[in-house]
Every structure is written in C-alpha cells, then in structure tokens.
Amino acid sequence: MSAVLGVAVLGLGLSALYALASLGIVLIYRGSGVINFAQGAVGLCAAYIWFELHINQGWGYPAALLIAVAAAAAVGALIHIGLMRQLKSASSLARTIATLGLLISLQALVILRYGTNVNVVPSALPTGAWTIGDVTFPQDRVILISIAFALSAGLWWMYRFTDFGRATSAVAEDQTLSAAVGVSPDVVATVNWALGCGLAALAAILVAPIITLQASSMTTLVLAALAAALIAQFRSFPVAFIASVALGVGQTILTRYTTQPGLAAAAPFLVIVVVMIVRGQAVPLRDHVLARLPAVGTGRLRAPLVLAGVVGTIVLANVSSDAWTQSFGATFALSLFMLSFVVLIGYVGQISLAQWPLAGFGAWVAGRLGASQGMPLLPAIVIGILATVALGVVIALPALRARGIKLAIVTLGLGTALELMLFQNSTYTGGLSGTAVQLEIAGWNFDAGTHPDRYLFVTFGAFVLAAIVVTNMRRGLVGRRMLAVRTNERAAAALGIGVRSVKLYGFAVAAGIAALGAILFSFAVGIVDYTEFSSFHSILYTCLAFVGGIGFVSGPLLGSPLAPGTVGTQFGTVVLSGVATYLSLIGGVVLILSVLLNQDGIAKDLATSVRQITSRLGPRHQPQQSTVRRQLADDSADGATRTRTRVRPSALAVDRLSVRYGNVVVVDDVSLAVRPGQVIGLIGPNGAGKTTLLDAVTGFTRVASGRVTLNDDDMTRCSPVFRARAGVSRAFQSLELFEDLTALENIVAATDPTSRSCYLRDLVHPAPLKFSAGVLDAIREFQLEQDLDRPASELPYGRRRLLAIARAVANGPSVLLLDEPAAGLSGEETRELATVVRRLARDWGMAVLLIEHDVEFVLETCDELVVLNFGRVISRGAPLEVRNDPAVVAAYLGGETKVPSPSKELRR
Ligand SMILES: Nc1ncnc2c1ncn2[C@@H]1O[C@H](COP(=O)(O)OP(=O)(O)OP(=O)(O)O)[C@@H](O)[C@H]1O
C-alpha cells in the first residue's frame with residue numbers, strides 16, 4: 001500500500017500542471033464563453049520565454065518567471081481584444097477554430113525558434129524529500145500541489161465574494177443583461193483571459209523541471225487538462241482541482257503498474273470520452289443553441305472544371321520537374337483525405353478532430369498487412385479502409401450524445417488516445433524508421449519517388465472519384481437528411497429522420513475517404529512514419545479544411561496547399577526560398593485571418609464568382625423547382641383545388657401523464673384524447689406546461705408517469721424518430737427550420753424518411769426528387785409557391801411560420817401537434833391559418849392538437865379546449881363553455897379575449 005502511495009505522490013507534479021492549466025481554462029470559459037484550446041501553447045511560449053531569460057541569458061529565476069507570466073497575461077488580454085472580441089457574435093465553432101489557429105501558430109513559432117528537442121531544466125524548488133512513515137514525499141511535488149491548491153481556493157473565494165467575481169458570473173449568465181447593469185463584458189473577459197493565460201504560463205514553468213520542456217508534448221499535456229475542466233463543467237474551481245489531482249495521480253499509477261505503452265498518457269483523454277458520453281443528450285434540449293455552421297455547396301460538379309483539371313494534370317505530369325509533380329500528387333492525396341471533412345463537418349455538422357489519427361489507423365492496417373504479412377497493396381488498402389470505417393463508427397458513438405464543441409473535445413480525446421497508444425508505440429509501427437511499403441498494384445508501380453507522374457494520375461483520379469461520390473451524396477436524399485441533421489437535430493428527429501443513422505453513416509463514409517487519402521499521402525515514398533498521425537496534424541488539417549471551405553468539394557484543394565509536404569512546401573522552398581519552413585505558422589495565421597474575415601472559406605467566394613459568370617451566360621437551371629412548379633401548374637390546370645391527401649386515421653391519447661424537472665412537477669396527471677378529424681386546443685398561462693406536454697407526447701422529454709398511446713399502442717418509451725414515423729408530427733413554437741435549406745428543401749426533407757437504400761444508391765446515382773402528393777398539397781395549402789427557392793433564413797417571419805407548419809404536414813401525419821401556430825402572423829394570415837387548420841382536420845383527416853394564446857383563433861378553430869394551469873387541467877369542454885368558465889377566467893383569460901404572447905423565436 002505504501003508503495004502505491006509513494007508512486008501516487010510522484011503524480012502530484014502532473015496534477016499541479018493539470019490543476020493550474022484547467023483553472024485557466026475554466027477562468028477563460030467563465031469570463032468569455034470560449035474553450036481555449038491554445039492554453040497549452042500559451043503556456044509553452046511562456047515557458048520558453050522563461051527558458052530564454054533564465055537558462056540562455058542567465059537572469060534570476062524569479063525575474064524570468066515574472067516576465068514570462070506577465071507576457072503570457074498580456075498575450076491573453078491581446079487575444080481577447082484583437083481576436084475574440086471581434087468574434088463575439090460568431091458561432092462558438094468559429095471561436096474554437098480561432099483558438100486552434102492560435103495553438104498552431106504559437107506552437108509553430110516555438111518550433112521555429114527552438115526546434116523539437118527535449119530540454120531538461122533545473123528546478124527552483126527544493127528537490128529533497130519528507131518522509132512520513134514508509135512514504136516519501138518529494139518536496140517539489142508537495143510545494144507544487146500546494147501552490148495549485150492555494151490558487152484554486154483563492155480563485156474560488158475571489159469569484160464568490162468579490163465584485164469582479166460577481167461581475168464574471170453575471171457575464172457568464174447573460175452578456176446583454178450584465179452590460180445593462182453597468183458591468184462591461186469586455187473588461188471582464190479581457191481580465192479573465194489575462195488571468196487564464198497567466199496561469200497557463202505559471203503551470204508550464206513550474207512543472208517544466210518535472211516533465212521536461214518540449215514543444216510538441218507540452219501542448220498535448222495541457223490539452224489533458226481539458227479533461228479536468230470538463231469534469232468541472234467549465235465552472236467549478238474546486239472540482240477542477242480535485243479532478244486534476246485524481247487525473248495526475250491516476251496517470252502516474254497507471255504508468256507504474258501497467259505494461260500497455262501509452263495507456264497512462266491516454267488516460268485523461270479516455271476520461272474525457274467517458275464523461276461526455278455519460279453527460280451527453282441523445283436529443284438536444286429545448287434551450288440548445290443552434291450554431292451557425294459554414295456554408296455548404298450545391299453538390300454540382302462542373303464538368304468544364306473537371307475537364308480543365310484533367311488537362312492540367314496531364315500537362316503537369318509532362319512538363320514539370322519530378323519534385324513539382326510529386327508535390328501536386330501529395331496535394332491531391334491530402335485533398336482526398338480532407339474531403340472527409342466536407343462530408344462529416346460540412347454536410348453532417350459533426351466537428352471531429354480525430355480524422356487524421358483515424359485515417360492513420362487505415363494506413364497502419366494496410367501498411368502492416370503489407371509489411372508483416374506480405375499482402376499485395378490493393379487488398380491491403382481495401383482491408384485498411386474497411387477497418388477504418390469500423391473504427392469510424394465506433395468513434396461516432398459518442399457523437400450520438402455530444403454535439404458542437406463538446407464533440408470536438410471528445411474526438412480530440414479519442415484521436416490523442418489513438419496517437420499515444422498506437423502511433424507512438426514503436427513495437428506496433430516500426431518506430432522512427434517506419435514501415436516499408438510499396439505503391440504497386442499488379443506489378444504497376446506508382447511510387448512518388450520513382451514514378452511521380454503515375455503517382456499524380458492516381459491521386460488525381462482518386463480525388464475526382466471521391467469528389468463525384470461526395471457530390472452525388474449531397475444532391476441525393478441522403479444529402480438532404482444530412483443537412484437537416486446538421487442544421488437542427490430536434491426538427492430532423494421530429495420529422496422522423498433517423499438522426500443516429502445519418503450521423504453513423506456520415507462518420508463511416510468520411511472514415512473510408514479519409515483512410516484512402518491518408519494511405520495515398522503517407523505511402524508516397526515507400527516508408528511510413530506513423531508518428532505523423534498526431535493530434536496536432538489532425539487539428540492543422542481540420543483547420544486548413546475550414547480555410548479552404550469545409551462545405552465545398554473544392555475546399556480541400558484550396559486549403560491543403562498550406563499543409564507541409566504539399567505543393568505549398570514546394571512553392572515555399574523553390575520559388576520563395578526558405579518560406580516552406582514557415583508553412584505551419586502561415587497556416588495558423590491564415591486560419592485566424594479567415595475566421596475573422598470569411599468563415600465560409602475561400603471556396604464559397606469562388607463558387608459565388610463562378611455562379612455570377614455562368615448566370616451571365618444563361619439562366620440558372622433548377623431542375624427540382626421546375627419539376628415541382630410544373631406539377632403544381634398541372635394540378636391547377638386539372639382543377640385540383642381540394643387536397644388529394646387523406647392521412648391514415650389514428651387517435652392520440654394521453655393518459656394521466658406527469659413530467660418533472662428536478663423536484664418541480666411541470667405536467668401533473670394530464671389526460672386528453674384527439675380523434676381523427678378533430679381539433680383540440682391546449683391553452684393556459686405562460687409556463688403552464690403546454691409545450692412540455694407536447695415534448696412528452698413527441699418523446700423529447702422523459703415522462704415521470706402516465707402513458708402516451710397512438711391507436712392504443714403504447715409509445716411512452718419510444719424515441720422521437722419512432723413516434724414521427726408512426727405518424728405524430730409537430731411544428732415547433734420556435735420554428736426550428738432548416739435555415740440552410742430552401743423552403744422547398746425544408747418541405748421535402750420529411751419525405752420518405754425511412755428509406756435506407758438511398759445510403760448506397762445516392763453515392764453512385766442520386767435519385768431525382770419525387771414530390772409526393774403530400775408535399776404538393778402542403779405547398780398549396782400554405783401558399784408557398786412563390787417562396788420555394790428562397791433559403792428559409794431569408795423569408796419574412798409570417799412565411800417562416802407557415803413553412804414550419806407546411807413541413808410538419810407534408811408527410812401526411814395522422815396526428816399534428818402545433819405549438820402557437822398563429823404567433824407572429826398578421827390578422828389576415830391568422831384567419832387564413834384557422835381555415836387551413838380546419839381543412840387539415842376535415843379534408844386530410846388529421847387529429848390536431850394545438851397550443852395557442854390567440855383566443856379568437858382557438859374559438860374559431862377548435863372542437864374542444866383543455867386548459868392547463870401549473871401543469872394541471874383546470875377546465876375542459878366546448879370552446880364557449882370553457883371561455884365562460886370562472887376558473888379559466890380567473891387563471892388565464894381575465895377580461896381579455898386575446899392574450900398576447902410573442903413566440904419564443906420573436907422573443908429572442
Ligand atoms: N428543460 C427544462 N428544465 C427545467 N425546467 C423546464 C425545462 N423546460 C421547461 N421548464 C419549465 O417548465 C415550465 C413549463 O414550461 P412550458 O414551456 O412547458 O410552459 P408553456 O405552458 O408552454 O409556456 P409558454 O406559453 O410560455 O410557452 C416552466 O416553468 C419552464 O420554465
């Protein structure tokens with residue numbers, strides 16, 4: 001036991017590093033809402049300033065330490081003022097990318113100046129030991145953890161009891177409100193950034209004597225502090241401290257007692273994964289903020305551009321020198337890898353930072369099969385790709401419960417674990433001398449060194465093929481599903497789109513593409529060094545894909561030249577002699593600039609210019625819209641004014657349903673039933689539990705007791721997707737439109753959500769859109785003919801609301817749930833909507849349950865009303881009876897006939 005304790009005590013040095021770094025991460029998050037991935041890089045720079053002053057220039061330890069910490073604090077303040085403040089209204093994704101850009105730039109700076117050597121530095125702390133019983137306590141560890149403890153206690157006190165701490169909490173709660181009460185969010189954020197970065201510096205300098213000073217490993221070490229910050233939910237200093245102690249000590253014990261190399265180093269990252277899976281939500285909550293993701297291309301591959309590419313490649317292979325040809329080949333291979341980002345981040349919206357290590361796994365499988373089993377290249381590549389697809393699906397599992405930045409953290413954790421446990425283990429990889437491979441199929445060698453022209457043709461061909469597959473997918477049914485999931489998971493689930501299947505599919509396809517790209521890139525010259533498959537490179541490539549344009553197939557071609565080993569390196573070496581060395585730094589800086597200036601990437605501008613030029617040559621052809629217009633026109637020529645859609649009649653019953661949030665009962669023992677052809681109104685004051693009841697009926701919230709049945713089939717425990725497919729559809733109070741899609745695409749997103757064949761078929765041949773009678777009837781009912789080709793985000797509010805309802809009815813649901821359908825509509829629009837709702841019940845045969853505050857609308861539309869107050873039914877019956885019920889008048893209606901309630905979207 002005392003032996004274990006003795007080892008555990010040694011871990012306190014690492015614990016102190018994690019504690020100080022995670023306190024900094026928490027500080028910055030509380031002050032500005034940004035998760036600073038560059039925390040380690042800032043600490044690294046500060047540690048090297050201290051190293052330069054103290055070791056190289058001979059300054060005293062305290063002076064060097066002070067200057068370095070002050071410099072880091074100043075850098076922190078500058079980062080906020082110069083960068084983060086400009087990104088205040090940008091999505092959290094953009095802000096994260098900016099911190100990743102900082103990470104890349106700062107680490108590149110240090111490597112440029114000091115290289116990647118390991119520097120052993122002396123400690124200023126006493127190196128003796130105290131002994132208590134059988135256990136020896138190294139003095140430096142004890143002092144370090146005491147400093148970390150004192151700082152976390154001090155920060156806890158400061159943020160709880162001082163004005164500045166309260167101001168930070170106010171900013172964390174609500175930036176606009178805190179500005180209104182006289183606290184400047186900017187000042188608060190700047191100070192927190194300075195303090196957070198100062199702490200990173202202190203951590204790196206104090207712990208450097210224990211862990212040594214090295215450019216690449218320090219950043220990864222501090223990334224592990226994310227695990228502690230995550231456990232503390234980016235809020236609590238004491239929890240961050242305790243988690244850091246547990247992680248540092250646990251990791252040291254693992255190092256001592258396990259034989260699996262890399263497991264101990266990977267432990268914090270595995271903790272991240274477990275925490276995120278446990279804390280994650282299968283369906284995002286109502287208050288989930290939708291991040292604006294970069295723009296997405298149309299998926300049309302322009303034949304003249306492809307032809308120009310073919311001609312250009314042939315010319316290049318014949319006229320350029322071997323070095324240039326090889327570098328172009330490498331650029332296509334890396335672009336092919338980066339196409340995986342277009343699928344995963346661009347189309348499905350899943351921010352993965354594990355793509356490069358994941359792709360490396362495919363290269364490793366293929367390489368080892370060739371090197372150790374003598375397997376020919378082609379089958380080895382196929383097996384490598386299949387293995388990567390399988391691993392991609394495993395990596396996708398956390399994505400089912402984490403989203404946005406949290407997913408970025410989980411995947412970073414998984415990628416780093418893979419790097420530490422596999423790629424840095426020379427027993428598995430052949431070490432620095434690497435694995436020998438041969439790019440040869442059926443005796444035809446296309447090694448980049450000996451046959452650069454062949455290598456160029458193969459990589460170009462593979463890129464074009466993959467681009468065709470990706471664009472096919474974008475234009476097909478599966479592409480629309482992907483965009484729906486990316487834009488709004490709740491709305492997608494409510495339409496019956498299998499959110500999980502779409503995510504798993506996206507991860508699988510992206511993994512396959514990534515593996516092929518990585519194999520062609522890393523096998524180029526016969527020796528594969530697997531240590532290249534690092535998290536740092538993964539971050540770099542993800543960021544370059546953003547620079548190029550992550551939603552466009554041309555994006556990778558525009559972003560990849562900034563990566564080392566590509567045509568950018570060749571250009572930097574030959575044309576601008578010496579610039580190649582600065583490529584990582586240039587990449588980081590370009591990334592920061594592009595986050596500031598153009599978050600959609602260079603490809604977006606290029607696509608806009610191409611569209612402008614082609615539109616001058618002739619009108620744009622929009623096959624989908626012309627088809628639907630033709631069908632609508634044919635219908636009106638036939639005199640088809642009445643709907644042709646009759647839905648499958650089903651009755652919804654809610655039986656003694658209760659929902660609790662914590663100790664509060666929000667819906668209390670509510671029963672109601674809606675039959676086909678009937679419209680039931682659910683009314684009551686704000687906060688009465690009406691939307692929560694709809695959430696419970698559609699599966700978006702857990703019920704405490706009671707049942708929800710459709711035609712007597714119990715659905716209480718079924719997923720939202722299952723209920724939607726069973727015929728329960730919903731239009732949200734907050735609209736939840738797919739903002740990136742056009743009105744038509746929004747409506748057809750719900751069409752045929754159960755087909756699985758499209759997952760394979762669309763890769764080869766995206767089937768043309770079929771417009772069901774429901775789609776056409778929905779367009780006609782809500783008079784959306786003129787809005788079909790406009791993006792949802794550009795429609796005026798009233799049209800947006802109608803579009804949200806049209807989308808909910810397009811698939812012909814048996815039960816339709818409407819949450820404040822008339823909110824934000826003009827008087828005339830409201831009257832028209834009342835008629836349409838009646839028609840949906842009478843002509844389409846739907847059972848309609850609607851929540852509405854507009855009492856006139858309710859009286860006009862509903863057959864029966866149910867009134868909720870504090871979650872309980874206080875009255876029910878025919879509209880006029882309920883209108884005059886004294887209990888209802890007292891609790892809700894008062895003397896008014898119309899209770900204004902701006903919709904939640906308007907309130908925002
Ligand atoms: N995820 C949640 N966690 C905790 N409380 C919640 C959650 N969602 C809703 N509530 C609370 O449940 C109560 C009922 O909210 P709900 O939105 O269902 O009311 P409502 O009748 O639809 O109100 P409104 O007419 O304003 O939309 C409110 O007090 C709300 O704050």
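Here are some questions and answers on this predicted model.

Q: Why does Thr96 count as buried?
A: The cut-off is 20 or more other C-beta atoms within 10 Å. Thr96 has 22 such neighbours, so it counts as buried. You'll find Thr96 in helix α5 (residues 92-114).

Q: Why are β9 and β14 called paired strands?
A: Pairing takes at least two bridges. Strand β9 (residues 679-683) and strand β14 (residues 847-851) have 4 bridges, in the parallel sense, so they pair. Along that pairing, Val679 stands opposite Val848 in β14.

Q: What makes β12 and β16 the edges of their sheet?
A: The open sheet runs β12-β13-β14-β9-β15-β16, with mixed pairing. β12 (728-731) and β16 (872-877) each have a single partner strand, so one side of each is left without a neighbour in the sheet. From one strand to the next, the twist averages 20°.

Q: Which residues touch the most other members of the largest nonpolar core?
A: Ala46 and Val848 do, in a core of 310 residues. Not counting residues up to four places away in sequence, Val848 touches Val674, Val679, Leu816, Leu818, Val837, Leu840 and Ala841.

Q: Which strands does helix α35 lie across?
A: Helix α35 (residues 827-842) lies across β9, β13 (815-819) and β14, at about 150° to β14.

Methods
Residues numbered from 1 in each chain as written. Predicted model: local features only at pLDDT ≥ 70, side-chain atom pairs only at ≥ 80, totals over all residues. Helix = DSSP H or I, 4+ residues; strand = E, 2+ residues; numbered from the N terminus. Axes fitted to C-alpha atoms, helices over the stretch in contact; angles between N-to-C directions. Contact = placed C-beta atoms within 7 Å. Core = buried A, V, L, I, M, F, W, Y, C linked by C-beta atoms within 7 Å. Buried ≥ 20, exposed ≤ 12 C-beta atoms within 10 Å, placed from the backbone.
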